[in-house]
Amino acid sequence: SPATVFDIAEGGDLTLGGGFNNPRGAFVKTGKGTLRIPGGEGKTITLAATGGYVDALCLQALDFNANGDSPTKGYAGFTLACGTLVLGEKGGTFNINGSASDVMIGTMTKDPVRDAGQQEDGNGVLEVRGGTVNINNWLGMGAKCGFETTTPDYVPESGIRVYGGKLVAKKALGMGRNKAAVPQKDADGNWIRMRTKTFVEVHGGTFEVWNDGGRISPCDDAGADSRILVTGGKLFLRGTIKNGVPTTSTEMSVGCCTDCDNTIPTRCDLTVSGSGVIEATGFSIATGRQNVMFDILVKDGGNLRWNTLQKKNTKAGSKMDVLFDGGRTELRYAGYTTWIQPDIDTFKIGTRGMTF
């Protein structure tokens, strides 16, 4: 079979204690249970192939049946459809490849028109607890999730939690992206609303998102709320890659979709506290979207590093609020004169102050 499928029922868990390699085909995790691959020092574990059976067809598949083999059933090269995948408890190196396909965390295969009323679970969570995890292609969370026609009774949540080790997303990160392979409009041309929530949590270790030709975009599509929480460890947003090493930083831009329903309010909450650090060139709202709300909270010693803090968006309903309450900040690079721009709706310092 061109796919390795782990289908773990609700309440059921599976641990693979040895090395695991998938040199051909796709890696697909479905079911609500937890799959653990603890790894080990000196071990290299590959999840999803770098070529062969996995190609862009899985992003363009017309047959969106669940639990099928990639690429004919609509799965990307690495798909964590639902449930939890825990990596690196004993160290080692993990390579997650997408070939010409994306790497998906939390995704659905239902067509919002053809399969209206057929609910599907889209809650996928990747936990990194040690070692080094390399995601070698574009990383998407909550893709094709939460259409009101297929999930009327709940809002799927999917994302990443880092507790230790190092996670590197080498291309880009989209949070709540609605892939074009799934129709967004009904037969009458009306938008089919998407309702999904995506998150990134860093409680230890390091999460680096490289942006070499890609982008970093919470609330990627309308109706896809996003939450970023860093209580310990570091979240670094990197830019240009030279000789495989990230050099410059890059910007976090909320709400990058330009061809979507602008009437749906979308919200991103970014919080850094404790020993946590978030570093980027800047933080802003993408210019093309209406009704995007971006709240930044830095508290209890958390450190937010940037060069330019600027709303940029002038569309109706978009709002950017910043609060420091016991937090600290540093310039990412020296020499910038556009540190805090006056277009931000509110910038407040709480009773516990702000450390420069």
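**Entry 1: the whole chain.** What percentage of the 356 residues of the protein chain count as buried? I found 58%, where buried means under 20% relative accessible area, exposed over 50% and partly exposed in between, with a 1.4 Å probe and protein chains only. I noted that this is a predicted model, in which local features need pLDDT of at least 70, side-chain atom pairs count only at pLDDT 80 or more, and totals for chains, interfaces and linings use all residues. Residues are numbered from 1 along each chain as its sequence is written, and side-chain values use heavy atoms, with hydrogens and water left out.

**Entry 2: confidence.** I looked up pLDDT, the predictor's confidence in each residue, from 0 to 100. The protein chain averages 82, and 81% of the residues score at least 70. Over residues 52-72 pLDDT stays under 50. Where pLDDT is low, the predicted coordinates should not be read in detail.

**Entry 3: elements and contacts.** I counted 1 helix and 31 strands in the protein chain; these are DSSP runs numbered from the N terminus, with helices being H or I of at least four residues and strands E of at least two. Contact means heavy atoms within 4.5 Å. Among contacts with a separation of 6 or more, 82% join residues 24 or more positions apart.

Entry 4: I traced an open sheet of 3 strands, in the order S21-S24-S27, with parallel pairing. Its edge strands, S21 (252-254) and S27 (308-309), each pair on one side only. Two strands pair if DSSP finds at least two bridges between them. S24 (residues 282-285) is joined to S27 by 2 bridges, and I saw that Phe283 has Leu309 as its bridge partner in S27.

**Entry 5: Lys311.** I found Lys311 in the loop between S27 and strand S28 (319-325). Is Lys311 buried or exposed? Lys311 counts as buried because its relative accessibility is 8%. Its side chain reaches the backbone oxygen of Ser318 at 2.8 Å. Beyond four places in sequence, Lys311 touches several residues, including Ser284, Ile285 and Asp343.

**Entry 6: Thr266.** I then turned to Thr266, in strand S22 (residues 266-272). Thr266 has 0% relative accessibility, so Thr266 counts as buried. Its side chain makes a polar contact with the side chain of Arg289 at 3.0 Å. A polar contact is a pair of N or O atoms within 3.5 Å; within protein, one must be able to donate a hydrogen and the other to accept it, and residues adjacent in sequence count only if both atoms are side-chain atoms.
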